[in-house]
Amino acid sequence: MMRDFALEAYFSDWDRAVRYNLAASDSETVPMAALIALADAEDAARWRTLRLGYTEPRGAAWLRDSIAATYDTIGPEEIVCFAGAGEGIHVLMHALLGSEDHAVVVVPNYQSAETIPASICAVSGVPLDPARGWTLDVEAVARAMRPNTRLVSINFPNNPTGKILERDRFDALVALCRSRGVWLFSDEVYRPIERNEALRLPQAADAYERGLSLNVLSKAYGLAGLRIGWIACRDRALCRRLERLKHFLSLCNAGPAEVLANIALKSGASLLARNRAIAERNLGLLSAFLAETAPLFDWHVPEGGVVGYPRYRGAEGVEALARRLIERAGVLVLPASVFRSELLETPADRLRIGFGRADMPECLEVLRAQL
Ligand SMILES: Cc1ncc(COP(=O)(O)O)c(C=O)c1O
């Protein structure tokens with residue numbers, strides 16, 4: 001049986017107490033009317049005439065066209081849509097892995113990345129090293145590989161650390177996977193919301209014939225409620241297999257979500273610019289806040305995404321701090337136990353803070369008062 005999804009369980013335990021959400025992993029969303037106002041004539045007509053039947057399991061062809069346009073080499077036949085990135089991870093792991101296989105996963109991670117493959121086959125963790133800015137040692141990945149390794153799973157910009165792997169290391173990882181014929185599953189849900197565009201990595205599906213790119217409208221676009229995610233993959237037989245497995249789960253996307261997703265993708269530049277600006281302002285505020293409270297906190301400033309993973313040096317520890325904040329002030333942060341791995345020991349003195357939301361200045365004031 002799969003263990004609980006610690007992060008979602010934590011959210012659901014404290015949901016009603018939250019007044020200041022410093023735990024969110026997404027960007028500030030937009031009202032639906034504002035999104036619809038961005039529609040071009042074609043999508044405006046789609047929205048007006050939409051009929052609410054089943055939709056095409058892989059995702060509407062016009063939606064896959066818009067998604068494919070976000071890649072350099074991927075066509076609409078090489079995209080399969082899912083109910084969020086979460087369903088994509090579940091389906092992909094079941095499509096690629098069997099009980100005789102082995103997978104390698106970076107730690108810390110978004111828990112699905114390890115719990116789902118571990119429910120199917122043997123899994124090894126490879127650490128992101130906090131002493132070296134959370135980077136990944138590609139040699140360590142090579143050492144973790146076995147003759148039956150079928151998949152390496154990475155996530156950059158990383159949740160919870162905000163790390164973006166250095167380009168030379170990414171290239172070395174692709175070369176390693178290629179030399180062993182191993183699939184590279186790359187969770188890219190925090191792309192493209194990097195602090196510095198020069199750090200942006202290529203998408204795995206573009207970079208590698210066995211690269212699998214996972215993305216979603218939840219994070220950089222701030223549209224988690226649409227539940228529109230996708231996997232890009234050059235292997236069309238694998239795309240068909242992904243679709244077949246989706247038949248047992250959500251089956252198809254919600255029609256209204258497809259139209260809204262298409263509007264968002266076509267207006268991507270303006271939505272992303274807005275969300276990057278919010279994240280950049282918040283990161284400045286959060287960095288100043290953490291510096292001001294030194295030596296209580298220190299951190300590796302996130303390079304991308306909208307979450308970071310500072311160390312807390314207070315005597316009470318992060319678990320007690322997180323509990324005190326939510327109980328006394330309704331401030332939600334995520335303590336290290338939420339990111340505990342079953343594969344490797346993980347730091348116990350960290351807490352994840354999200355900085356994608358518009359109300360961050362107010363949240364930081366309340367946090368300041370509590371500290
Ligand atoms: C790294 C990572 N991958 C996948 C997901 C799942 O995304 P979604 O909620 O859109 O299914 C999340 C959500 O927090 C995430 O942080």
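## The eight-stranded sheet

Eight strands form an open sheet with mixed pairing, in the order S2-S9-S8-S7-S6-S3-S4-S5. Strand S2 (79-83) and strand S5 (135-136) are at the edges with a single partner strand each, so one side of each has no neighbour in the sheet. Strands here are DSSP runs of E with at least two residues, helices are runs of H or I with at least four, and both are numbered from the N terminus. Two strands count as paired if DSSP finds at least two bridges between them.

S2 and strand S9 (residues 228-233) run antiparallel and are joined by five bridges. Ala 83 has Ile 228 in S9 as its bridge partner. Strands of a sheet pair through backbone hydrogen bonds, either parallel or antiparallel.

## Basis of the model

The model is predicted: local features need pLDDT of at least 70 and side-chain atom pairs count only at pLDDT 80 or more, while totals for chains, interfaces and linings use all residues. Residues are numbered from 1 along each chain as its sequence is written, and side-chain values use heavy atoms, with hydrogens and water left out.

## The three-stranded sheet

A second open sheet is listed, with three strands in the order S11-S15-S14 and antiparallel pairing. Its edge strands are S11 (307-308) and S14 (334-335), each of which pairs on one side only.

S14 pairs with strand S15 (residues 351-354) in the antiparallel sense over two bridges. Leu 334 has Arg 352 in S15 as its bridge partner.

## The ligand site

The ligand takes up the space of the largest pocket. A pocket is found on a 1 Å grid over the protein atoms alone, as an open set of points where a 1.4 Å probe fits, with protein on both sides within 12 Å along at least five of seven lines. A molecule sits in a pocket if more than half of its atoms lie within 2 Å of the grid points.

Around the ligand there are 15 residues, of which Gly 86, Asn 159, Asp 187, Ser 218 and Lys 219 come nearest; a residue is near if one of its heavy atoms lies within 4 Å. This shell has six nonpolar, six polar and three charged residues, where Asp, Glu, Lys and Arg count as charged, Ala, Val, Leu, Ile, Met, Phe, Trp, Tyr, Cys and Pro as nonpolar, and the others, Gly among them, as polar. Helix H5 (residues 84-96) gives the most to the shell, with four residues.

A polar contact is a pair of N or O atoms within 3.5 Å. A polar side-chain atom of Asp 187 is 2.5 Å from a nitrogen atom of the ligand. For Asn 159, an N or O atom of the side chain is 2.7 Å from a ligand oxygen atom, and for Ser 25 the corresponding distance to a ligand oxygen atom is 3.5 Å. Of the 390 Å² of accessible area that the ligand has on its own, the protein covers 92%, by the Shrake-Rupley method with a 1.4 Å probe.

## Backbone features

Asn 159 is also joined to Pro 160 by a cis peptide bond, with omega about 20 degrees. Pro 160 is in the loop between strand S6 (149-155) and helix H8 (167-180). Another cis peptide bond, with omega about 5 degrees, joins Ala 294 and Pro 295.

Trp 134, in the loop between strand S4 (122-129) and S5, has a positive phi near 65 degrees.

Definitions and conventions: A polar contact is a pair of N or O atoms within 3.5 Å; within protein, one must be able to donate a hydrogen and the other to accept it, and residues adjacent in sequence count only if both atoms are side-chain atoms. On a 1 Å grid over the protein atoms alone, a cavity is a set of points where a 1.4 Å probe fits but cannot get out, and a pocket is an open set with protein on both sides within 12 Å along at least five of seven lines; lining residues have an atom within 4 Å of a point.
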